[in-house]
Amino acid sequence: MHRFFLLLLSLFCFASLALSWNQQQFREPENYEGSSDLVNLQYHMGPVLAYPINLYIIWYGNWNPSHQATIKDFIDSLSSAAPSPSVSDWWRTVGLYTDQTNSNITANIKLSGEFRDTYYSHGRDLRRLTMQSIIKHAALPLNYENGVYLVLTSADVQVEDFCREVCGFHYFTFPVIVGATVPYAWVGYSGTQCPGFCAYPFAWSKYSGKPPPSTGNGGNNIMKAPNGDPGVDGMISVIAHELAEVSSNPLVNAWYAGDDPSAPTEIADLCVGVYGSGAGGGFVGQVYKDSWGDHYNVNGVKGRKFLVQWVWDPVKRRCFGPNAMD
């Protein structure tokens, strides 16, 4: 009955209920890089994604093939070996979360299908709820057993609240629209629309009203993107954020803090802006810089490097990533 009520409420109030990633560096929020008993993250008895995940990507719009390759290499890195600290090491923190049977979130994530919606089947100005119709339209299997759907919109696509309130969100589909309940996420490419909002720390918003955080040695905290494009590198961190949360809270009744499932604080929300030890006050923390000057904190397949935000570690009770200095 509760789930049925939530489903009806979602149909009428979807824009307020979809669980969103938003960039908060301009408001300098509290983060919990250090251990904290103030975070009341609780398990609400719902499922987590414990079975191997079949991930399906919908490329909506006109995509740069090199950007697609970078994103797919990141997805492949989630379950593949790479030099430490690696993307798969980062995912191990996500894997610490369990369901009521004590089953952990899976470490097996496979890209199982792709669909290129190059004809903009639902136009170039999208509502949040439209993502579900895009999934329905895509020539992909409707995998209600262990499928997760990732809708990625290109630079020329406008999405409701994108660049103003959100950079991505996750939720679950409604059977009345899609035909089954499956978890999904959406992330937009911000490289030309709002890199300072959704691709920080690779860009800084000219509307922030203040200069970027200082490094203390005369420089600033704007970093060089490890894969050559602030938009796609920033997007990868948002994808990581959403995949962590859709895996730990796929039906909005598993892991989150707060009493309201329509506005939960999830395992990545607690660590927005934290990429390394010592993060806080707009400083992303201690990360690596390679010989080209590119900044990163994890290694991926094919020699790739990525800068991915940390997530909340339920054992250490703090934000944590594999590049931590302690």
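## The second largest pocket

Let's start with an open space in this predicted model: the second largest pocket, with a volume of about 280 Å³. It has 17 lining residues, and the closest to its centre are Val48, Leu49, Tyr144, Glu145 and Asn146.

What classes of residue make up the lining of the second largest pocket? Twelve of the lining residues are nonpolar, three are polar and two are charged.

## Three disulfides

Now for the cysteines. The count comes to three disulfides. If you number the bonded cysteines of the chain in sequence order, they pair up as 1-3, 2-4, 5-6. Here is each pair in turn.

## Cysteine 163 and cysteine 194

Cysteine 163 is joined to cysteine 194, with an S to S distance of 2.0 Å. The torsion about their S-S bond is about -65°, so this disulfide is left-handed. Which parts of the chain does the pair tie together? Cysteine 163 sits in the loop between β7 (158–159) and β8 (168–172), while cysteine 194 sits in the loop between β9 (183–188) and α7 (195–198), so the link connects parts that are 31 residues apart in sequence.

Are these two cysteines buried or exposed? Cysteine 163 has a relative accessible area of 18%, and because buried means under 20%, it counts as buried. Cysteine 194 is buried as well, at 10% relative accessibility.

## Cysteine 167 and cysteine 198

In the disulfide of cysteine 167 and cysteine 198, the sulfur atoms are 2.1 Å apart. This link is left-handed, with -90° about the S-S bond. Cysteine 167 is found in the loop between β7 and β8 and cysteine 198 in helix α7, so the pair ties together parts that are 31 residues apart in sequence.

Terms used: Residues numbered from 1 in each chain as written. Predicted model: local features only at pLDDT ≥ 70, side-chain atom pairs only at ≥ 80, totals over all residues. Heavy atoms only, no water. Disulfide = S-S within 2.5 Å. Helix = DSSP H or I, 4+ residues; strand = E, 2+ residues; numbered from the N terminus. Buried < 20%, exposed > 50% of the residue type's maximum accessible area, 1.4 Å probe, protein only. 1 Å grid on protein atoms, 1.4 Å probe; cavity = no way out; pocket = protein on both sides within 12 Å on 5 of 7 lines; lining within 4 Å. Points joined across faces, edges and corners; volume = space filled by probe spheres on them. Nonpolar A, V, L, I, M, F, W, Y, C, P; charged D, E, K, R; others polar.
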